[in-house]
Amino acid sequence: MRLLNVFAALSGVTALVMLVLAAHALQPGPEDLERIQLGAFLQLGAAAAGLAIANRSGRLNLIAGAMILAGAALFAGTLYTLAVTHSRAIIMLAPVGGITLILGWITLVFAKPSA
């Protein structure tokens, strides 16, 4: 679960860096700012969940945490890329990330909480 903790922390850092860049360096338009904020919101929520799940034991918890973090990274990364580069080259990764994120939360329903 140590690796889950590391990736959750990196997810939080990435989201915060994107918010700081949007506020100070990137000067995005309103639509791009909304994309960055949505990506960061999802990624910070996933980071918090990942940190909480990292303190649980069991394979299903690990799978759920990994899916939540990976799904949020794909979804948010796609939004960040679109906002910064205006390239739609990887736009189809957003639904993959969103579905992975949702499935991760559903998987967590079936995982045992720590004793």
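## What covers helix 1

Helix 2 (30-53) and helix 3 (59-85) are among the elements that cover the buried residues of helix 1. This is a predicted model. The buried residues in helix 1 are L4, A8, S11, G12, A15, M18 and A22.

Helix 1 itself runs over residues 2-24. That is 23 residues. From its first C-alpha to its last, helix 1 reaches 33 Å, close to the 33 Å expected at 1.5 Å a residue.

## Helix 1 against helix 2

Two packed helices are described by the angle between their axes and the distance between the axes. For helix 1 and helix 2, the angle is about 160° and the axes are 8 Å apart. Angles over 145 degrees count as roughly antiparallel, so helix 1 is roughly antiparallel to helix 2. Helix 1 passes helix 2 in a left-handed crossing. By class, their contact has 15 nonpolar, 7 polar and no charged residues.

Which residues in helix 1 meet helix 2? They are L4, N5, A8, A9, S11, G12, T14, A15, L16, M18, L19 and A22. On the side of helix 2, the partners are L33, I36, Q37, A40, Q43, L44, A47, G50, L51 and I53. L4, A8, S11, G12, A15, M18 and A22 meet helix 2, and these residues are buried.

## Helix 3 against helix 4

Helix 4 covers residues 93-110. Helix 3 packs on helix 4 at an angle of about 155°, and their axes are 7 Å apart. That angle makes helix 3 roughly antiparallel to helix 4. The crossing is left-handed. The contact of helix 3 with helix 4 has 16 nonpolar residues, 8 polar ones and no charged ones.

## Two loop residues with positive phi

Most residues other than glycine have a negative phi, and most peptide bonds are trans. Q27 has a positive phi, near 50°, and is a residue other than glycine. Q27 lies in the loop between helix 1 and helix 2. Is Q27 buried or exposed? Its relative accessibility is 69%, so Q27 counts as exposed.

H86 also has a positive phi, about 60°, although H86 is not a glycine. Where is H86? H86 sits in the loop between helix 3 and helix 4. Exposed means over 50% relative accessible area. H86 has 52% relative accessibility, so H86 counts as exposed.

Note on methods: Residues are numbered from 1 along each chain as its sequence is written. This is a predicted model: local features need pLDDT of at least 70, side-chain atom pairs count only at pLDDT 80 or more; totals for chains, interfaces and linings use all residues. Side-chain values use heavy atoms; hydrogens and water are left out. Helices (H or I, at least four residues) and strands (E, at least two) are DSSP runs, numbered from the N terminus. The expected span of a helix is 1.5 Å times one less than its number of residues. Buried means under 20% relative accessible area, exposed over 50%, partly exposed in between (1.4 Å probe, protein chains only). Contact means heavy atoms within 4.5 Å. Axes are lines fitted to C-alpha atoms, for helices over the stretch in contact, and angles run from 0 to 180 degrees between N-to-C directions. Angles under 35 degrees count as roughly parallel, over 145 as roughly antiparallel, 65 to 115 as roughly perpendicular and the rest as oblique. A crossing is left-handed if the near helix is turned anticlockwise from the far one by less than a right angle, and right-handed if clockwise. Ala, Val, Leu, Ile, Met, Phe, Trp, Tyr, Cys and Pro count as nonpolar, Asp, Glu, Lys and Arg as charged, and the others, Gly among them, as polar.
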